[in-house]
Amino acid sequence: MERWRFRSLLALVASSIYLYGFPSATISYQVLVLFHLAVGILLTVLLFPFLFRLLRVDAPLARAGWVFLAAGAALGIVLIFIGTLNRLKPWLYAHIALCVIGSLFVATAWLASCGWLGTTATQRVFRFAGLVLATAAISAGAWWSREVPWRNANRIVNPQMPAASMDGEGDGPRGKFFPSSAQTKHNGYIPAKYFMQSEACQRCHEDIYKQWYSSAHHFSSFNNQWYRKSIEYMQGVAGVQASKWCAGCHDPALLFSGLFDKPIKEIVDLPEAKAGLSCLMCHSMVQVKSTMGQGDFVLEYPKLHELAASDNPVVRTLHDFLVRVNPEPHRRTFLKPFMRTQTAEFCASCHKVHLDVPVNHYRWVRGFNEYDNWQASGVSGQGARSFYYPASSMMCADCHMPQVGSADMGNIDGFVHSHRFPGANTAVPTANQDQTQLDLSQKFLQDKQLSVDIFAISPAGNEVSAPAAAKMGRPELSTSFAVGEEADTSLPSGPAGEARAVTAPLGRVAATVRCGDDVRVDVVVRTRKVGHFFPGGTIDAFDVWLELQAVNEKGQTLFWSGKVEDDGKGPVEKGAHFYRSLLIDAHGNPINKRNAWANRATVYVHLIPPGAADTAHYRLHIPEYAGDKITLYAKLNYRKFMWWNTQFAFAGVEDSNQSPKAVTPDYDDRKWLFKSVEPKMISGELKSIPNLPIITVAEDTKTLEVVAHSAPAPQPQVTLVKEDWSRWNDYGIGLFLQGDLKGAAASFQKAADVDPQNPDGWVNIGRALLQEGDTAGARIVLEKALALKPGLARANFFYARILKDEGKYDDAISRLRGVLSQYPRDRVVRNEVGRILFLQKTYAAAAVEFEQTLSIDPEDLQAHYNLMLCYSGLGDEARANEHKDRYLRFKADESSQAITGPYRQAHPDDNNERQPIHEHVSVALNPPAKTGKRAVALPASAASRPGG
């Protein structure tokens, strides 16, 4: 019996080392788990009946060892029944610790009885210490083999060189899934049913499954009418192959099974077409190859999943038992380290896209991009030059997968990350009549994500100020997305704007206006809890706008910009201040059918960066009947899809009286009619055109006193209070980002006057002065900032710019190195170092810096351009040409702006919105409303507008 006890103990020790050190989702590993459990039960059976006898006759150390083993065995039996889930891990490690100590003591006692520990006390102490160290070494080795290779093998690392064309992405033109970059590990198809078995996950993750079921991820495919219509339209115009570009991140059950080779109209009613992004789509990614997005991931089909989804109840029960008793293989199959430690890079695989010739028959164009502006911002903790920084850096999941209470088996301390993925999608829950999900989306949007501040008024001039000429060629006009802190070319150089005499901050000062005058009202919108541009996502498809109303004490509406037609159910008036990207095709037709692949030029793109602000301007005329008081109401409104797109998605029918030549992949000149269609042609619970909710994201109200026309003109009033520091700063940021540098500097000066001990006021004045070219003035204020906080990265960055302009290259590099020591992943700072080294003709050192930039963003245009120059300087023409090819690929098509000319002439409101600094006027209001309350929508009418 004793021999069997020792053999069982030896088998348990050996199996436990392997099970802990080398977890894997294989049949052999699971057999070893069962073997370990069986031997453990056998040893327990053999141990307990003889335990008291062993405690009487064995050596003291052996007795202690058997007690520890008995305790470990008892705990092991308990764990067989309760499992070793996350919340029970302390018990698992207690079991391991008890058994390790017990085994060490029993082994020591046995070796002592054999005389292997020596005869003297000193020998025994040292040899026992050697056994302890050997045990520790084995334990550490098992931990290392379990953790370190696993973590190192599951990191997202960018390639040294991006592909020269889309043909080099994914599996290339001959690949099964091209032009999506998605791949499978075995280079083959994956059965569609694999992506349709999320219910199998529900057995252990009930809460998570229910959350996911209502989420936008679940309704990413043809169970979403907006998406369905866009793909039907795309395939009808551009073909099935091009639409696989979308399917890589929207339709896994169809794409990876090969079903997407057929036109969607033939398969739209199949269950596979309504699977959406199931649990097993995201959780089967075994590699994300870069941060370039475009579905740049590799999926693996784990054969053991067939056990979990088996129809045989015995097989399912055995699978679930093995997962509960040892979840690590299951966790390693479906939860790779990068999903937790590199969440943003993981999400970027689908939330960042580009288009190229196989999709758009044109060239490389940036699509939507949530990753780059997050990475370069203060929100990520990686950007050195932001205006604002949160208390701690944040990743995607911090906002979009918040922790919620749950008894789910995967909970940690009673919480799981919400798989409802709260965000801004109010359309899908509206169409699905899912009130719970809709309420969550509305709550998310209204959770102080942004703020609206009616900040200032000033006399309206005859002309709208314009920024420096350089602004007019700003790079975002050559892409469908905005350019923020990830680039350093989006702002003008040279004097621009004007320092207006304002009355501000409203609410702090008693503002007065005079009948008959025109005043400019400035409204500031600031991103507060948004980690990327606002709005995010497919920004060519949304209705997001700032609304301003002026109502007197009689309830008469005096001014209204941003009115919605048809009692708030129709389109937004065209002269509103929008946050979106307005794109047009080759014939100047708006991109309004989710047809970004037909985009040929950007009329304007207007977004707010994270931790920044926008300042909107309104020209308010004070009529003689204004009364004694005017109340201003400002609202930031959000409607998930623009009115036209929703009509198109649910009722759009081509006008049959048109030429077949009216549409090509480059343009669509056709007219569309909105007619009722058969319910079977509409996906979702709602079989009619939905009236999408308009969510007020943020709002503000301010009051103006009115005096008669005969009264003296009101004089500007400014009140400086420390509590208003951020209001002045936000106002200045908005002016700065639109190129009103003088107005921005004046506002930043007010912030510095309010709180001279806050270095950011001085830094921001320095930004504006430096952008104007006033390096002497910028030096003075930046030195004030550095005196307050010498290590402030943003102050040192702009100060280094001054040193560079003065030719003090070594001093500038020293400053920038200090910035990089705090923010090593700021690409603009890295490129600045490289550029100075290039100017010093140390080409090899400069190339190292630019290559480092590409490790952060392989598509960085400035890095490729400068590497082309560096390698030419080094005489390496082959490498220079490689970077030249990438530079030409990613460089904007500047000539495309010619397309916008006729469009802007025909659409003055859009042309006005395109101008960096512009004013909005009211829609025609005749007669003024006399409702005794805030006015509702009035009949639409275009109002005249001064200027361009």
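Biologist: What makes the charged end of R580 count as sitting over the ring of F578?

Modeller: The charged end of R580 is 4.1 Å from the centre of the F578 ring. A charge sits over a ring when NZ of Lys or CZ of Arg is within 6 Å of the ring centre and within 35 degrees of the ring normal, so R580 passes the distance test and is listed as sitting over F578. R526 gets the same label over the face of Y388, at 3.6 Å from the ring centre.

Biologist: And what are we looking at?

Modeller: A predicted model, where local features need pLDDT of at least 70 and side-chain atom pairs count only at pLDDT 80 or more, while totals for chains, interfaces and linings use all residues. Residues are numbered from 1 along each chain as its sequence is written, and side-chain values use heavy atoms, with hydrogens and water left out.

Biologist: Why are the rings of F542 and Y638 called tilted?

Modeller: Rings of Phe, Tyr and Trp (its six-membered ring) pair if their centres lie within 6.5 Å; planes under 30 degrees apart are stacked, over 60 edge-to-face, and the rest tilted. F542 and Y638 have centres 6.0 Å apart and planes at 45°, so they are a tilted pair. F542 is in the loop between β10 and β11, and Y638 is in strand β17, 96 residues apart. Both are buried (under 20% relative accessible area, with exposed over 50% and partly exposed in between, using a 1.4 Å probe and protein chains only).

Biologist: What makes F797 and F798 edge-to-face?

Modeller: Their planes are at 75° and their centres 5.2 Å apart, so the angle is over the 60 degree cut-off. F797 and F798 are both buried, too. The model has 38 aromatic pairs by this rule, and ring pairs also link a cluster of Y233, W597, W643, W644, F648, W672 and F674.

Biologist: Why does G141 count as partly exposed?

Modeller: G141 has 35% relative accessibility, so it lands in the in-between class. G141 is in helix α6 (helices are DSSP runs of H or I with at least four residues, strands are E runs of at least two, numbered from the N terminus).

Biologist: How do you know that α32 and α33 are roughly antiparallel?

Modeller: Their axes are 7 Å apart and at about 165°. Axes are lines fitted to C-alpha atoms, for helices over the stretch in contact, with angles from 0 to 180 degrees between N-to-C directions. Under 35 degrees is roughly parallel, over 145 roughly antiparallel, 65 to 115 roughly perpendicular, and the rest oblique. α32 and α33 are therefore roughly antiparallel. Their crossing is left-handed (the near helix is turned anticlockwise from the far one by less than a right angle; clockwise would be right-handed).

Biologist: What about α27 and α28: how do their axes cross?

Modeller: They come within 8 Å and cross at roughly 160°. That makes α27 roughly antiparallel to α28. This crossing is left-handed as well.

Biologist: How do you know that β4 and β5 pair?

Modeller: Pairing takes at least two DSSP bridges between two strands, and β4 and β5 have 3, in the antiparallel sense. K352 has N369 in β5 as its bridge partner. Both faces of β4 are covered: K352 and H354 on one side, V353 and L355 on the other, are all buried.

Biologist: What makes β1 and β2 edge strands?

Modeller: In the open sheet ordered β1-β3-β2, β1 and β2 each pair on one side only. β1 joins β3 through 2 parallel bridges.
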